Amino acid sequence: MKITWLGQGGFLLESGKYRLAVDPYLSDCVFKKERLARLHPFPLAISDLKPDLVLVTHDHMDHLDPEGIPLIRAAYPDCRYAGPQRSYEHFLRLGIPEASVTLVPMDATLSFGPFRVTSVFAAHSDPTGCGYLLEAEGKRIYLSGDTNYDGRLLNERTKGMDLMLICINGKLNNMNCADALKCVRSQKPKRALPMHIGLFAENTADPAPFVAGCRAAGVDSFAMIPGKEFEL
Ligand SMILES: [Zn+2]
């Protein structure tokens, strides 16, 4: 499986020809509303994104991008969209036809192309927000989404993953580096990568202490570069 960090909480996962985009924040709409400017551009041209599915964790602008989604819709009329309740409703308000949108209830497992997608608990300010277990090619990924530290994150289902993608920015109802390292030490993934950093100067964190903490716990880690693909 090929994985590309799209910045913030966004990822492109490729299995065979199938392309799953999670939480792509393409536009600069957070700047218009909150005066938070992007520190780097979206790392792919829309013409290179080619998503079969846009899956979102929750209905905040840096995850369900109300200016970016219509651009994807215009470029890729066959793309599908999926997310939990508030996100589902937001996709419909953006004019995506109901037939192209899938509601992902909490704790549901759904199949999209080669991917099995399971929504899992997250503790965030969108009460319908979730994290995801993403499985394909025999590999298992836990993507935290935006979430505070909460004991309910640490369950059997999120244990022993091939990859944990975890927020470390420590602001606005998200875990900080120490919280995320508690999850790593408890759940013992093979590799853990820090995310939800680097996009806004006001809401970022240094990935180095997280990477060092993972390595000290025997877990592979590195600081991702937006747009630079890696293999799982
Ligand atoms: Zn966020």
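The lining of the largest pocket is made up of five nonpolar, eight polar and four charged residues, where Asp, Glu, Lys and Arg count as charged, Ala, Val, Leu, Ile, Met, Phe, Trp, Tyr, Cys and Pro as nonpolar, and the others, Gly among them, as polar. This is a predicted model, in which local features need pLDDT of at least 70 and side-chain atom pairs count only at pLDDT 80 or more, while totals for chains, interfaces and linings use all residues. Residues are numbered from 1 along each chain as its sequence is written, and side-chain values use heavy atoms, with hydrogens and water left out.

**The largest pocket**
- The largest pocket has a volume of about 330 Å³, and of the 17 residues that line it, Glu-34, His-60, Met-61, Asp-62 and Leu-172 are the closest to its centre.
- On a 1 Å grid over the protein atoms alone, a pocket is an open set of points where a 1.4 Å probe fits, with protein on both sides within 12 Å along at least five of seven lines, and lining residues have an atom within 4 Å of a point.
- Its volume is the space filled by probe spheres set on the points, which are joined across faces, edges and corners.

**The chain**
- The chain has six helices and 13 strands, taken as DSSP runs (helices H or I, at least four residues; strands E, at least two) and numbered from the N terminus.
- Of its 232 residues, 55% count as buried, meaning under 20% relative accessible area with a 1.4 Å probe and protein chains only.

**Thr-4**
- Thr-4 lies in strand β1, which covers residues 2-7, and is buried, with a relative accessible area of 4%.
- Beyond its neighbours within four places in sequence, Thr-4 has contacts (heavy atoms within 4.5 Å) with residues including Gly-10, Phe-11 and Lys-228.

Terms used: Buried < 20%, exposed > 50% of the residue type's maximum accessible area, 1.4 Å probe, protein only.
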